[in-house]
Amino acid sequence: MSGEGNGVVTGGDRRHSPETRPMTSSTVTVATSQQRLRLNPNKDHKPESYEDLELEFSPAIFSSLERYLPPSMLGVERNEKVKFMREILVKYLPLGERNRSQRHREYRQKIMSNYQPLHREIYTIHPSTFFTPAFLKAIGDNSEEGYRSIMSEPSPGIFTFEIFQPRFCELLLSEVENFEKWVTEAKFRIMRPNTMNKFGAVLDDFGLEIMLEKLMENFVRPISKVLFPEVGGSTLDSHHGFVVEYGKDRDVDLAFHVDDSEVTLNVCLGKQFSGGELFFRGVRCDKHVNTGSHQEEIFDYCHEPGRAVLHRGRHRHGARATTSGHRINLLLWCRSSVFREMKKYQKDFSSWCGECLHDKKDRQLQSIASTRSELLRKEGE
Ligand SMILES: O=C(O)CCC(=O)C(=O)O
Ligand SMILES: [Fe+2]
């Protein structure tokens with residue numbers, strides 16, 4: 001067994017938008033004076049969009065919560081639903097969180113009313129110009145065989161494949177540069193993607209949220225449904241989308257950590273660089289996050305522009321120093337509120353945590369050994 005550095009930085013230590021945080025149990029089990037929310041979401045119900053409303057909570061929170069409304073509420077006017085859900089949110093979201101959420105909304109609004117996008121064509125998803133033909137074909141086929149035919153799995157649970165066309169990478173890089181130029185000129189203080197990065201930008205904050213939500217819903221989720229069903233791959237319902245930047249005058253490396261996601265899509269956009277390898281050290285649940293790694297869990301990956309790495313958020317990893325040039329990667333942390341809810345009631349994560357699996361195998365071996373010695377003892381009698 002081997003460890004990496006001084007322990008794993010967990011998702012909780014990383015800043016992420018409160019807007020995209022999934023519901024907590026208190027919001028799904030709460031009773032109101034007349035009606036109760038459902039315990040489990042209504043998966044067949046398609047929530048309304050609340051994007052056009054001026055609300056004190058994120059529109060995404062309303063859309064997620066709508067699936068938990070009692071059946072009698074599903075057909076009522078949108079304003080009625082808003083009123084009902086707002087009452088619950090006001091009561092159950094802690095004040096600090098509410099203020100944070102409000103401040104973040106104001107922050108985004110300030111950007112949106114001042115920043116002029118450079119390439120409007122990337123703000124809505126255009127599959128034929130964004131993705132490679134092979135990737136699109138696999139999405140169209142939507143079968144495990146189809147996905148595996150365009151992917152390699154160099155280590156269990158780590159999938160790599162070509163995803164974006166070079167032109168799309170160029171446009172996104174240029175948009176990020178344009179945004180950063182505006183930030184510098186306007187002396188605007190931006191929020192970084194998380195506490196471990198001094199550089200990089202949250203793409204959701206400057207208008208790319210809807211495009212990235214579609215990327216998750218129509219492309220990452222179908223793949224995750226097949227490859228990561230045991231961590232909520234089929235129910236991914238919120239995301240945090242950002243870029244990380246390494247090289248001269250940027251970040252150097254990234255400490256060993258787990259992501260605040262069920263599934264992470266990490267795509268290298270460019271440019272030219274050396275170093276910056278990702279090192280992976282096995283998947284772990286909360287209880288085992290700081291345990292050592294087993295030999296078969298040790299894997300290093302070299303980024304290539306246009307190529308994606310898809311892995312479970314709980315797959316421990318870090319990035320080595322980018323030693324020359326400039327490396328920029330797109331990260332999409334995809335989350336499932338359903339999975340997070342279910343996880344609270346489980347103890348055994350042996351379907352995905354490497355250490356739970358080892359514990360389980362040890363227990364099975366011990367049980368076989370004791371049955372055997374019991375039998376031998378009986379035979380001797
Ligand atoms: O630098 C990379 O490619 C990894 C970034 C990453 O793991 C993260 O931001 O969560
Ligand atoms: Fe990460």
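Which residues are around ligand 1? In this predicted model, where local features need pLDDT of at least 70, side-chain atom pairs count only at pLDDT 80 or more, and totals for chains, interfaces and linings use all residues, the answer is V244, L254, D259, N266, L278, H317, A319, N329 and L331. Residues are numbered from 1 along each chain as its sequence is written, while chains are lettered from A and ligands numbered from 1 in the order in which they are written. A residue belongs to this shell if its C-beta atom, placed from the backbone, lies within 6 Å of the ligand. Strands β11 (315-319) and β12 (322-335) each supply at least two of its residues; strands are DSSP runs of E with at least two residues, and helices are runs of H or I with at least four, numbered from the N terminus.

The largest nonpolar core has 55 residues. Such a core joins buried Ala, Val, Leu, Ile, Met, Phe, Trp, Tyr and Cys residues through C-beta atoms within 7 Å, buried meaning that 20 or more other C-beta atoms lie within 10 Å of the residue's own. L203, V220, V243, V267, L332 and C334 have the most contacts inside this core, and helix α10 (residues 209-227) gives the most to it, with seven residues. A second, separate core of 13 residues includes A60, L65, F84 and L89.

Helices α2 (residues 59-66) and α4 (residues 78-92) have axes, lines fitted to C-alpha atoms over the stretch in contact, that come within 11 Å and cross at roughly 100°. Angles between N-to-C directions run from 0 to 180 degrees, and 65 to 115 counts as roughly perpendicular, so α2 is roughly perpendicular to α4.

Definitions and conventions:
Parallel < 35°, antiparallel > 145°, perpendicular 65-115°, else oblique. Buried ≥ 20, exposed ≤ 12 C-beta atoms within 10 Å, placed from the backbone.
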